[in-house]
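I opened the model to work through its sheets, its domains and the surroundings of its ligands. My entries follow in the order in which I looked things up.

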Amino acid sequence: MKTALITGITGQDGSYLAEFLLDKGYEVHGIKRRASLFNTQRIDHIYQDPHADHARFRLHYGDLSDTSNLTRIIQEVQPDEVYNLGAQSHVAVSFEAPEYTADVDAIGTLRLLEAIRFLGLEQKTRFYQASTSELYGLVQETPQRETTPFYPRSPYAVAKMYAYWITVNYREAYGMYACNGILFNHESPRRGETFVTRKITRGLANIAQGLEPCLYMGNIDSLRDWGHAKDYVRMQWMMLQQDAPEDFVIATGVQYSVREFITWSAAELGITLAFSGTGVDEIATVTAIAGDKAPALKPGDVIMRIDPRYFRPAEVDTLLGDPSKAKARLGWVPEITAQEMCAEMITEDLKTARRHALLKSHGMDVPVPVENR
Ligand code: NDP
Ligand code: GDR
């Protein structure tokens with residue numbers, strides 16, 4: 001039985017990867033942060049009582065900023081594979097917390113690699129680094145592939161660039177099986193609520209049910225190559241099963257705008273939208289409604305406005321990946337399209353919104369939407 005250690009197991013990718021590895025028969029260990037509220041909602045369904053015989057899933061308290069903690073966990077677990085998915089992963093937040101982002105995303109990666117080396121596990125333990133299309137930032141070539149030069153545009157991307165190169169360096173210097181997956185944006189119903197796709201699906205589902213008045217967005221002209229997290233974690237595992245370590249771009253090769261994602265999400269709710277105005281004055285107005293998913297709306301309602309607070313100090317306007325290498329070498333192809341993923345996200349967020357609307361209609365408290373980045 002192989003043993004895997006996942007940092008960031010409580011996050012979107014960590015939860016899907018843990019499911020995937022358990023299905024493959026792995027013993028899965030994860031590092032979770034101590035928080036004042038439970039932060040394991042995404043993995044509660046796969047939790048196994050550690051007192052049970054043959055439990056194959058175990059959580060350890062830890063933090064990527066804590067060297068001795070990481071070293072102790074790796075020593076105890078003796079993992080065959082480490083997946084470093086933990087990160088301060090929000091680009092806009094990284095402008096507000098640049099030093100913390102560098103500590104966790106850049107030096108955190110070094111801490112893990114050093115711990116593996118220090119413990120003499122460099123020939124046993126394979127290492128996956130969650131690299132990102134944000135490395136391409138101000139793009140130098142379209143589509144972006146493994147050889148495209150990097151030009152990071154945020155403290156997050158700069159920190160991830162250090163992590164990328166230190167992973168390459170440990171591979172070259174110490175012969176470690178260490179590799180980077182340069183993943184383009186990937187989403188799911190488990191996506192954090194402040195990333196743009198989930199902000200849209202959750203926000204519009206709430207608006208359709210009368211729980212929120214309007215969606216406030218930043219740069220809706222931004223173009224992204226969106227895939228589904230389930231497809232992408234499969235590839236993370238595949239990258240660690242090769243004879244030799246290599247870096248791969250993981251993307252769909254298709255690009256859409258944030259505005260298009262808003263239009264699809266609205267359509268899934270039976271809402272037809274018209275965009276009007278330009279720049280910070282752009283709005284989206286309901287022109288027609290079909291079906292019963294949006295009982296709170298009527299034609300003429302304005303359900304999206306621009307709020308410049310959501311503009312970033314430096315933006316990544318366009319990203320489009322070329323996954324040819326992953327397809328040719330590993331036979332990987334994404335199975336879920338962006339539109340199918342959007343439909344799945346709306347279905348899940350609508351279920352929650354309907355539950356909340358029902359509670360509200362019976363005079364009960366419902367959670368107030370929190371600040372969205
Ligand atoms: P999430 O934000 O959903 O999850 C991040 C995880 O990291 C959470 O489990 C979080 O814990 C944990 N974490 C945050 N800070 C620390 C810390 N100081 N020490 C230990 N753990 C920490 O991200 P995703 O699942 O979407 O992404 C996974 C990885 O892939 C990240 O590294 C991200 O930067 C990278 N990536 C993501 C892409 C995407 O489109 N999703 C694309 C390319 C790269 P908690 O739950 O307690 O907050
Ligand atoms: P990104 O994802 O920055 O690409 O990083 P995000 O979903 O946050 O933004 C995508 C694009 O949408 C624009 N945008 C908004 N974004 C947010 N969050 N909120 C808004 O209101 C809004 N309006 C417009 C953004 O400006 C941007 O252009 C994600 C993260 O998962 C990273 O960890 C990962 O490395 C990259 O994807 C690949």
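**Hairpin.** I began at the β13 and β14 hairpin, which has six residues between its strands. In the turn, G277 takes a positive phi of about 80°. The model is a predicted one, and I read every entry below with that in mind. I then checked the pairing of β13 with β14 (residues 283-289): the sense is antiparallel, over six bridges. For A274 I looked up the bridge partner and found T285 in β14.

Which strands make up the open sheet of four? I traced the order β8-β15-β14-β13, and the pairing is mixed. At the edges I found β8 (215-217) and β13 (271-276). Each has a single partner strand, so one side of each is left without a neighbour in the sheet. Neighbouring strands here are turned by 25° against each other on average, direction ignored.

I looked next for helices on this sheet. Helix α6 (residues 196-208) packs on it and touches β8, β13 and β15 (302-306). I noted about 155° between the direction of α6 and that of β8. Helix α8 (residues 258-268) lies across β13, β14 and β15. Against β13, α8 runs at about 150°.

**The other sheet.** I moved on to an open sheet of seven strands, with parallel pairing. Its order reads β3-β2-β1-β4-β5-β6-β11. Which strands stand at its edges? They are β3 (57-61) and β11 (248-250). Each pairs with a single strand, so one side of each has no neighbour in the sheet. The twist averages 20° from one strand to the next.

Strands β1 (residues 3-7) and β2 (residues 27-32) run parallel and are joined by five bridges. L5 stands opposite H29 in β2.

Helix α4 (residues 98-118) lies across β4 (81-84), β5 and β6 (178-183). The angle of α4 to β4 is about 170°. Helix α7 (residues 229-239) lies across β4, β5, β6 and β11. I recorded about 160° for α7 against β6.

**Domains.** I checked how the protein chain is divided. Domain 1 covers 3-183, and domain 2 is made of 196-223 + 257-317 + 337-361. Their centres, taken over C-alpha atoms, are separated by 32 Å. How many residues of each domain are in contact with the other? I found seven of domain 1 and four of domain 2. The side of domain 1 that touches domain 2 has three nonpolar, two polar and two charged residues.

I also consulted the UniProt record. An unreviewed entry there places the feature "domain: NAD(P)-binding" at residues 5-345. In the model, that span is 35% helix and 18% strand. The end C-alpha atoms of residues 5-345 lie 28 Å apart.

**Ligand 1.** I listed the shell around ligand 1 and got 26 residues. The closest are G8, G11, G86, A87 and A130. By class I noted eight nonpolar, 15 polar and three charged. Which elements each supply at least two residues of this shell? They are α1 (12-23) and β5 (126-132). The most comes from α1, with three residues.

I ended with the loops. The peptide bond between T142 and P143 is cis, with omega about -5°. P143 sits in the loop between β5 and α5 (155-174). Q78 has a positive phi of about 50°, although Q78 is not a glycine. I located Q78 in the loop between α2 (67-77) and β4.

Note on methods
Residues are numbered from 1 along each chain as its sequence is written. Chains are lettered from A and ligands numbered from 1 in the order in which they are written. This is a predicted model: local features need pLDDT of at least 70, side-chain atom pairs count only at pLDDT 80 or more; totals for chains, interfaces and linings use all residues. A residue is near a molecule or strand if its C-beta atom, placed from the backbone, lies within 6 Å of it. Ala, Val, Leu, Ile, Met, Phe, Trp, Tyr, Cys and Pro count as nonpolar, Asp, Glu, Lys and Arg as charged, and the others, Gly among them, as polar. Domain bounds come from an automatic or database domain assignment. Two residues are in contact if their C-beta atoms, placed from the backbone, lie within 7 Å. Two strands pair if DSSP finds at least two bridges between them. Axes are lines fitted to C-alpha atoms, for helices over the stretch in contact, and angles run from 0 to 180 degrees between N-to-C directions. UniProt positions are given in the numbering used here, feature names are shortened, and annotations may be inferred rather than shown by experiment.
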